[in-house]
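Here is a short report on a predicted model. Please look at the structure first.

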Amino acid sequence: QVQLVESGGGLVQAGGSLRLSCAASGRTFSTYAMGWFRQAPGKEREFVAAISRSGSSTYSADSVKGRFTISRDNAKDTVYLQMNSLKPEDTAVYYCAAKRGGWVIRPNEYEYWGQGTQVTVSS
């Protein structure tokens, strides 16, 4: 089992930056692929970025490519989402998720989820 806790959300003006963190419990973190998803009011949960178990491979949604970077530190059991050049359209609750094996972009493939952290970008 994996327990995930997101942090780092907040209110930021357009063009600003935030770094989200997701801390995982246990010492088997490196066996899980990790993903970041977000859900805005009235919208479906959407894929943001994913990272492989070792951190050697990443993939980002087109909407955030070039602005957001996913990374992980397996020694700290933590995955990060560095968000730069934030736009009001990025406003959402951001969730981290974990799954055994390789990463995918489908949210229903992830078996563990954090509680989410709110990111609000003002214009």
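The sections below cover the basis of the model, its disulfide, and a neighbouring strand residue.

## Basis

This is a predicted model: local features need pLDDT of at least 70, side-chain atom pairs count only at pLDDT 80 or more, and totals for chains, interfaces and linings use all residues. Residues are numbered from 1 along each chain as its sequence is written, and side-chain values use heavy atoms, with hydrogens and water left out.

## The disulfide

The structure holds 1 disulfide, a term for a pair of cysteine sulfur atoms within 2.5 Å. Cys 22 and Cys 96 form the link, with an S to S distance of 1.9 Å. The link is right-handed, with 55° about the S-S bond. Cys 22 lies in strand β3 and Cys 96 in strand β9 (residues 92–100), so the pair ties together parts 74 residues apart in sequence. Strands are DSSP runs (E, at least two residues), numbered from the N terminus.

Are these cysteines buried or exposed? Cys 22 is buried, at 0% relative accessible area. Cys 96 is buried too, also at 0%. Buried means under 20% relative accessible area, exposed over 50%, and partly exposed in between (1.4 Å probe, protein chains only).

## Ala 23

Ala 23 lies in strand β3, which spans residues 18–24. Ala 23 counts as partly exposed because its relative accessibility is 37%.

Which residues does Ala 23 touch, leaving out those up to four places away in sequence? They are Gln 3, Leu 4, Val 5, Asp 77 and Thr 78. Contact means heavy atoms within 4.5 Å. Ala 23 and Asp 77 are 54 residues apart along the chain, yet their C-alpha atoms are separated by 6.0 Å.

Conventions: Helix = DSSP H or I, 4+ residues; strand = E, 2+ residues; numbered from the N terminus.
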